[in-house]
Amino acid sequence: MPSPFELVSASIIVFLCISLVSALFANRQSILVKLSSALSAAACLVAASGGFLSVLAGSTEAMVLPIGLPDMPFYMRLDPLAGFFVSIVGLLGFFVSVYSIGYLKGFLGRRSVTPLLVFYNIFMAGMLLVLVSDDAYFFMIAWELMAVSSFFLVFFEDEKVQNRRAAFIYILIAHIGAVLILLSFGIMAGFAAGFESFNGYTFSAMRSANMPAVWASIAFLLAFAGFAAKAGVIPLHVWLPEAHPAAPSNVSALMSGVMLKTAIYGIIRVGFDMMGTPQWWWGGLVLVLGLFSAVLGILYALMQSDIKKLLAYSSVENIGIILIAVGLSMMFAYLKLNTLAALAMVAAFYHMLNHAVFKGLLFMGAGAILHATHERSMEALGGLIGKMKWTAPLFLAGCLSASALPPFNGFVSEWLIFQSFLLTPALPGRLINLLIPLGAAALALTAALGARGFVKVFGITFLGKWRGRQGALVTEVDWPMRAGMLMAALSCLLLGIFPNLVIGWLDAVPASVVGGGIGETAKASGWLWLTPVAAERASYSAPLVFFWMVLVVGALYLIFRARGGTVRRAPAWDCGFEKMTSRMQYTATSMSMPTRRIFGFAFSIKEAVTVIGRGGSAIFPEKFLYRLKVRDHIWNFGYKPVSVASFWLARKVGRLQHGRIQIYLLYSFITLVVLLVFA
Amino acid sequence: MALLVVLVTSLLAAAVLAFVGDRKYAHEINIIGSGATFAASIFLAFEVYESGPMLAGGDFFFVDAFNVYLAVLTAFVSTTTAIFSRKYMKFERAHGRIGHKSMRFYHAMFQLFIFAMLLALLTNNVGVLWISMELATLSTVLLVSLYRTPAAIEAAWKYFILCGVGIALALFGTVLLYFAAEKVFGEGTQGLLWTNLSQASGQLEPTVLSLAFIFLMVGYGTKVGLVPLHNWLPDAHSEGPTPISAVLSGLLLNVALYALVRCKVIVDGATHSNKTGYIMMAFGLLSIIVASFSLLRQKDIKRMFAYSSIEHMGIATFAFGLGGPVATFGALLHMLVHSITKSAIFFTVGHASQMNSTQDMSSIRGLVKGNPLVGWGLMLGVVAIAGVPPFGVFTSEFLILTAAMKNAPYLAPIFLLGIAVAFAALFKRAMPMVFGDPGPSQRPLKASHFPVIVHLVLILVLGLYMPVFLNDWFHKAVELLK
Amino acid sequence: MSLSLAAQINSVLAALILLTSFALLVQRRVQGLLHIFAWQGLLLSISTAVVGYSAGLHHLYISALLTLTLKVFALPYILYVLIHKLKIHKEVEEVVNIPTTMIIGIALVIFSYDLTSPIRELSTLVTRSTLAVALSTVMLGLLMMITRKKALTQIVGFLSLENGLFFAATSATYGMPLVVELGVALDILIAAFIFGIFFFQIRTTFDSLDLKEMEKLKEDE
Amino acid sequence: MIRQYYPILIESLQVILVLLGGPLLVGWVRMLKCWTQGRRSAGLLQPMRDVTKLFVKETVLAENASWIFRSTPYIVFGATLMAGAIIPVVSADLPLAATADIIALVAIFALARFFTALAGLDTGTAFGGMGTSREMMVSSLAEPAVLMSVFTVSLVSHSTSLSHMVHELTTVSFVLRPSLAFALLAFILIAIAETGRIPVDNPSTHLELTMIHEAMLLEYSGRHLALIEWASMMKLFLFASLGIALFLPWGIAGIDDPGMLPVALVALAVKLALTGVFIVLVETGLSKMRIFRVAEFLGMAFLLASLGMLSYFILE
């Protein structure tokens, strides 16, 4: 029996080999698609089992690779924390790789899929390497490997200008984030061993570093900023709604489902593991940013009419929710409330697992829609439920999970986060105390708005009547794609119904990070009941909810079946309106109109109605053109000024290169004189 | 022995090529000449690695860990550039951009330039160092104006005058150095030998030396391309033939920085302060910032990468100024990796502009579709030069940045700003050039694949694995530069 | 000849060299510039010989001879020929007017003096006080390059700057080692050929030697 | 013997109570309304008669209605009934109460609404979409407010488990808490919105443009409509009992206290009757709001609920 670490390493090697082979046999496209994706799926399964076993055993394994700089070899380590993330990556990777077998066929004959296969596997390997690396240098390599390979994946369809733009914004923010992380490592390494030697760069050295509080805070803030840029935390989220829609859907599924999680991994690794005990205000900061991301993320999501963009913004929201839990956990850890810290952390981990699965599912579903209809905008979709008989219920399962509705998985983790909020004791600092109720309120608002968003996604896309032109051509996607989505949907349900098993499994992770656990108390009342702290405080029984629903719905159905009630089909009544056309349905834009009215302050909205009348006059209108542009303020207030300022500065700096040689000589002359005078 | 071969081969090649002129096999002779130099330099490196620093030719030559790796690098890049220039220059010749006479001149001067740089690296005499730096300038001035276009002549003139003045100031610095040394070593060559000067630097007069350093800084700094002495650099790089841009960027700047650092060691030994370090850090930071912001608005592809060279020289200068084992190690590595990466980029850039018959970036489109190797070569080159792992440039920037965070944390934000802006500028420009649909005017081209691949593989390997001997050299050099 | 006499002679020569530097700054005519430049070279060569004689350093004679051939005959001659071939007779134009240039020049001399005075204290050589003049010559050469508009005058400025360097080498240190001296001379010779080639190239391409033509390479606004 | 089966008995009793209590409460409200408006009422049992009539009528489906549309009534009914099995109406000693705490309860209602909203979109009609859009707007504001309001109670009672909350509130000696007062006010506002009563929505309107909840159900008929109607009556009953359980729990039988049951039943009847009176007073006194005033109304509720929670942290 190979050890977990061996399994994970083996999968990484396999990924790199697949990538290489895909590059070498570029001319056998159709075989390559099947073979490469199938192998990736197998490798994912191996990685997932490695991660799973590692968490199950709560074991830690380490290794030093003989490459890298002679003074800085690559350190690798698989502990339960990394193991948990490895299993998420492996699990979703497996689903998505199976799905890819079908999805990539859509590109055959249109363009070469080789770059996609090459970078897809490097991307997977990069994510796993991020998780198992145990020194700053190796971590950065893995981190950027992941970023750059996904950058190439984002603009796989490179002839579209907006894809290139998306990829550019993505890589820029990712790189700046990476440099910030690097600076943070710089501080930690400096305090670990100084810069007279290269010994400070290992994580174990950094763990033992004795840092003054100020420097620890600076290091944490830098690392947090860097990771937040990757995670898409508002206001660093702008790349996310651009990049995820641009990427092929299997890649968006992975990026959204698991790549964002590696950033959370980084925050936990640095904030808890390497820094020792976090400061309480770090937790507060993480919490506040999490709240902002959650609320604004879902509000922005509601405004979108592009499915993938909506899903991307929803990822911002979910990352916010995860950060809320992480922030709470930090504050509890500071107060030495180990059980509560473990509760919040379990909530965070659970939500990461859930989000990976359901967001992966939803992006795969969006990919299936795109594959079948070549359309991403909901305004041109509708009524797909009749044509895509598999995709529709699977996508619905994803929507239910994402809306945090029982008995699906999204609910369990949000429930745990609410529990963490309600169990919060008095905290140091008055304002931080008030943050707790406000945070709970914001989380509640987020959950409710989330449901609203997913009603819109599912309702507009799958229900009603087809809004586009070539409706007749839509067919259900092929089996591998369905299989990928089916497995993800089943996971959504199972993770929702058996939370005790999941919590029992991942309890080793908070135990290793915050030194507490809730595994014992959670199943104290038996497998049927989830009681995170005590039965008196809160309980939830997902199996009962599920079986009750099955029972009642089944019983009612059987009763009516037995009575043999007749059903007659007739045209829709609609209060007696006649000549209903599909253009009279509610659209994605009109669905979100109330939200636009109520939360208008959060957006910059440009609305215009043009009346095109007969003979050019508006008195006898023939056509109304409604144009709506909704953007987030953050782009206008945060990024545009930076870009404008950079170019302004660049213009000023350009004046230095004036063209006249006398001026250049004058520079030398002045430089000389200044140095002579002052040095 | 190997040392002599290293120097003589290139000089000999220059002479032979001047004689051969524009014959068919001139390109091959050029390659063989550089290749032989490279082979000899490897032998030299072995000798030094086996037996440590050595003096040769009386005291005239001195080879230690610091210069031997630069010598090997110089010979290596000159070889790959020679290989690249074969196809590149044939294309230029075939399309009538240069004439019969120019070809003879080009080859001879190329080898002479390599000789000058190797001499600058290997000599022990600070005066000879200056002479060979001047020779390196002079041999390339007319190469920059090889195309005889108004822009090329203007660029060459500026290069000539600015570097001439700069290097003259460096001579003044050298005179002052000698002025101080004379009192310790008396009349004669002894007072100019670096080995002597560095050993006895404690006895030298600090006031004279700090004055000397300022002149040396401004002088050699001009050649390094440090802001605000950099103005010749973008012009010269953009208007000359691409192989020359490659060696200017990849080698000449390095050698100038080498000269500066050698002098810094002596001055630091005398003054016992880190004043020189602060000056270098200031120049470095200023270069990083100005160059990266200048990158943003570039239209000409070679000009853009010239600014990128300024930025990277700024980084290395900053790191040398910062001092300390890690930063110095990073700086030495940075010189190596920047040179390899930047020359690879210029190779692909050369082909890219030949394919599109322009250097205007807005007209270069879809390289990947026209020639995948040129396209991906440029893209990966940009990825590497922007400091993205797993390429070697990242390794050095990693070391420098982390060290800066410890020793000068308040400067790190400026550094970061520069890196971010440069990154944005490079990617913004490179992506549309490499990807998308090629324009109608793009023509197929027989590109020189080998040098690009070798450089990129090398830079990738250096990011993931560093040979032990290189590591040893760097550590010895770090000891030396303490 | 006693040491002090040599020092006196040297001081006088130094003063004369400084004077020629100023003369170069104010001279408007091209031919006049060349004459003054040749005179400066001659003074330099004499000074080198005097130092060589007084200190008993014979390699300085070689330096003096080199200077004489290069700076007094060869270079002015090359330039002279160029002027005729390229038909440059016009008056020299300055960017900054002459009185201002003069004032800046004087300020530079004072600056150089101030800068070199701590070094002067350290030196034991008779010629030590001339270092200030050498530095001034360098600075004035640079100033000339900045203020002139023609390629040719820039070259004269550059060469005068080199004269300053050379003067510094002989006066402050009794000359550099011979290898270096020879190398420097060789470099200057090559440089002379190069600017010769350049003038033709510039002339044929731009139809004038005015530097205004060569301001095309710049960052656009 | 009785003790052994007591949990099953009480649970069954409660489910039956909810099933019947919903229509009865609605009947009571309608009766009161008729009286106040000077009309003759159809009697307490009229809602029940309506539902049974619908059950036997033919079911007509829109041509393009999918399985979502058909399964929604069952899911809605099932979810509401589950809520009925969880909320301690007469006794805190409910065995199924632990299935879902107050948060899960809200989510179970949300599940029902999610499907109702989808059903509104399913037929592709203009009014269905309008109903969905409006309903989701109302719910997305009401849901957080209701959570906030009940959170205040759970902070006071140190639990989110409903039976424990009731138990805690009934056993601890009475203290006047400003937080609970705020929470109660908020809860009332939200309950009005959630159950679709005036001034937020009008359950008996058939004026298309003012409809919210009804607009989603326009296409339903026969047994489907019966299930949905019944479920919404139960929902009114449940919200009333939830409010009673959280804010006026006195009289509800505690844990291990079956003797109190008769008393609890009487107390519940009285409290519900008074709730009916309150509803009627409000509905006769106020008129329906414009749709975007609803947002302000709910914002008010949210504010009150937040104030309740804040005052718990500040004052208590």
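Which residues of α7(C) are buried? In this predicted model, the buried set of α7(C) consists of C:Val180, C:Glu181, C:Gly183, C:Val184, C:Asp187, C:Ile188, C:Ala191, C:Phe195, C:Phe198, C:Phe199 and C:Ile202. These buried residues pack against helices from two chains: α5 (126–144) and α6 (150–185) of chain B, together with α3 (59–86) and α6 (151–173) of chain C. The helix itself covers residues 178–206 of chain C. Its 29 residues should span 42 Å at 1.5 Å a residue, and the end C-alpha atoms are 41 Å apart, which agrees. Just after α7(C) comes C:Asp207, which takes a positive phi of about 70°.

Along the principal axes, the C-alpha trace of chain A spans about 95 × 75 × 60 Å. Of the 679 residues in this chain, 61% count as buried. As for contacts within chain A between residues at least 6 apart in sequence, 78% of them join residues at least 24 apart.

Helix α4 (residues 114–132) of chain A has 19 residues and reaches 27 Å from its first C-alpha to its last, close to the 27 Å expected at 1.5 Å a residue. Because 17 of the 19 residues of α4(A) are buried, this helix is largely enclosed by the rest of the structure. Strand β2 (residues 72–78) of chain A is also mostly covered, with six of its seven residues buried. The partner of β2(A) is strand β1 (residues 61–69) of chain A, and the two pair in the antiparallel sense over seven bridges. Together β1(A) and β2(A) form a hairpin with two residues between them. Within this pairing, A:Gly68 stands opposite A:Pro73 in β2(A).

Chain D can be described in a similar way. It has eleven helices and one strand, and along the sequence these follow the pattern α-α-β-α-α-α-α-α-α-α-α-α. For 316 residues, a compact globule would have a radius of gyration near 20 Å; chain D has 19 Å, which agrees. The C-alpha trace of chain D spans about 55 × 50 × 45 Å along its principal axes. Buried residues make up 62% of the 316 residues in chain D. Of the contacts in chain D between residues at least 6 apart in sequence, 81% join residues at least 24 apart.

The contact between chains A and C takes twelve residues from chain A and 13 residues from chain C. On the side of chain A that touches chain C, the elements giving two or more residues are α24 (633–654) and α25 (661–678) of chain A. Of the elements on this side, α25(A) gives the most, with six residues. By class, this side of chain A has five nonpolar, five polar and two charged residues.

Other pairs of chains stay apart. Chain B and chain D do not touch, and their nearest C-alpha atoms are 41 Å apart. Likewise, no contact joins chain C and chain D, whose closest C-alpha atoms lie 52 Å apart.

Terms used:
Residues numbered from 1 in each chain as written. Chains lettered and ligands numbered in written order. Predicted model: local features only at pLDDT ≥ 70, side-chain atom pairs only at ≥ 80, totals over all residues. Contact = placed C-beta atoms within 7 Å. Helix = DSSP H or I, 4+ residues; strand = E, 2+ residues; numbered from the N terminus. Nonpolar A, V, L, I, M, F, W, Y, C, P; charged D, E, K, R; others polar. Expected span 1.5 Å × (residues − 1). Buried ≥ 20, exposed ≤ 12 C-beta atoms within 10 Å, placed from the backbone. Pairing = 2+ DSSP bridges. Rg over C-alpha atoms; globule rule 2.2 N^0.38 Å.
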